[in-house]
Amino acid sequence: MEALSTEPTPNQSRYDVSYYFLDLNIDPSTEAVSGSVRMDATVVDGPLSEVDVDLYSNMTIDSVTSSAGELTFSHANDIVTVTLDRAYSTGEAFSFTITYHGTPSASAGAFAFDTYDGKDMIWSLSEPFGARTWWPCKDYPDDKADSVDIWVTVPADLIVASNGTLRATIDNGSTKTYRWHEKYPIATYLVSVAI
């Protein structure tokens, strides 16, 4: 298993996450995860004009956007640094969405594509700092999001279990989308899929 950072960057101590919205496509044939993650947060030590988010560097970021438009970012050493559209003061809320894709690092042991009895089986086990291997987040247990939406699209013959309550199952033909909602505070490592 790869060594994962157990300390947030100084920048990550300057904001508090309130919500994540994961909208992911998980494809067992290519062993890839793609989609987007929205993060809503509040500044606790402003002014804040850049935000650090954890995501393994082997995952590719396609874009970072907010209501103000496209945001600039850099991605190195498993940290995504997003430049916000302006400086935000203490107490102000901000939000952005990271669109990304890639194959989660198998050596980290937090996300796996496998088979059982000839059928696809996909699962996550992110404790304590493994969420960053498959979705962008502030990956430290002391900053729990107040709620999380987890939407996962998979081939139609698979079933997705995740956190909270299943709100909807959408039949797209060759795929199905499962919409889960967790309404209680949750650490990033507990956000999970069992497919």
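Student: Are W134 and W135 buried or exposed?
Tutor: Both W134 and W135 are buried. Keep in mind as we go that this is a predicted model.

Student: Noted. How many aromatic pairs turn up in the whole structure?
Tutor: The search finds 9 aromatic pairs. W134 and W135 have ring centres 6.3 Å apart and planes at 65°, so they pair edge-to-face.

Student: Switching to charges over rings. What lies over the face of Y15?
Tutor: That's K138, at 4.7 Å from the ring centre of Y15. There is also R179, whose charged end sits over the ring of W151, 3.8 Å from the centre.

Student: Which residue does K138 form a salt bridge with?
Tutor: K138 pairs with D143, and their closest N and O atoms are 2.8 Å apart. Both D143 and K138 are buried.

Student: Why would side chains like that pair at all?
Tutor: In general, side chains of opposite charge can pair when their charged atoms come close.

Student: How many salt bridges are there?
Tutor: The count comes to 6 salt bridges. One of them joins the side chains of R14 and D45, at 3.6 Å from N to O.

Student: Where in the chain do R14 and D45 sit?
Tutor: R14 is in the segment before β1, and D45 is in the loop between β2 and β3. The two are 31 residues apart, and the pair links distant parts of the chain.

Student: How accessible are they?
Tutor: R14 has a relative accessible area of 23%, so it is partly exposed. D45 is at 39%, which also makes it partly exposed.

Student: What about D40, which residue does it bridge to?
Tutor: D40 forms a salt bridge with R38, with the closest N and O atoms 2.7 Å apart. D40 counts as buried because its relative accessibility is 16%, while R38, at 29%, is partly exposed.

Student: Now D149. How far away is the nearest side chain of opposite charge?
Tutor: It is R167, 5.0 Å away. A salt bridge needs the nitrogen within 4 Å of the carboxyl oxygen, and D149 has none, although it is buried.

Student: What does the D149 side chain make a polar contact with, then?
Tutor: With the side chain of Y19, at 2.6 Å. D149 itself is in strand β11, residues 147-155.

Student: Next up, N163. Where is it found?
Tutor: N163 is in the loop between β11 and β12. Its relative accessible area is 11%, so N163 is buried.

Student: Which polar partners does it have?
Tutor: Its side chain is joined to that of S162 by a polar contact of 3.5 Å. A polar atom of the N163 side chain also lies 2.9 Å from the backbone nitrogen of S192.

Student: Last one: A112. Which strand is it in?
Tutor: A112 is in β9, residues 111-116. It counts as buried because its relative accessibility is 17%.

Student: What does A112 touch?
Tutor: Not counting residues up to four places away, A112 touches M121, I122 and W123. The C-alpha atoms of A112 and W123 are separated by 5.5 Å, with the two residues 11 apart along the chain.

Technical notes. Residues are numbered from 1 along each chain as its sequence is written. This is a predicted model: local features need pLDDT of at least 70, side-chain atom pairs count only at pLDDT 80 or more; totals for chains, interfaces and linings use all residues. Side-chain values use heavy atoms; hydrogens and water are left out. Rings of Phe, Tyr and Trp (its six-membered ring) pair if their centres lie within 6.5 Å; planes under 30 degrees apart count as stacked, over 60 as edge-to-face and the rest as tilted. Buried means under 20% relative accessible area, exposed over 50%, partly exposed in between (1.4 Å probe, protein chains only). A charge sits over a ring if NZ of Lys or CZ of Arg is within 6 Å of the ring centre and within 35 degrees of the ring normal. Helices (H or I, at least four residues) and strands (E, at least two) are DSSP runs, numbered from the N terminus. Contact means heavy atoms within 4.5 Å. Lys and Arg count as positive and Asp and Glu as negative; His and the chain ends are not counted. A polar contact is a pair of N or O atoms within 3.5 Å; within protein, one must be able to donate a hydrogen and the other to accept it, and residues adjacent in sequence count only if both atoms are side-chain atoms.
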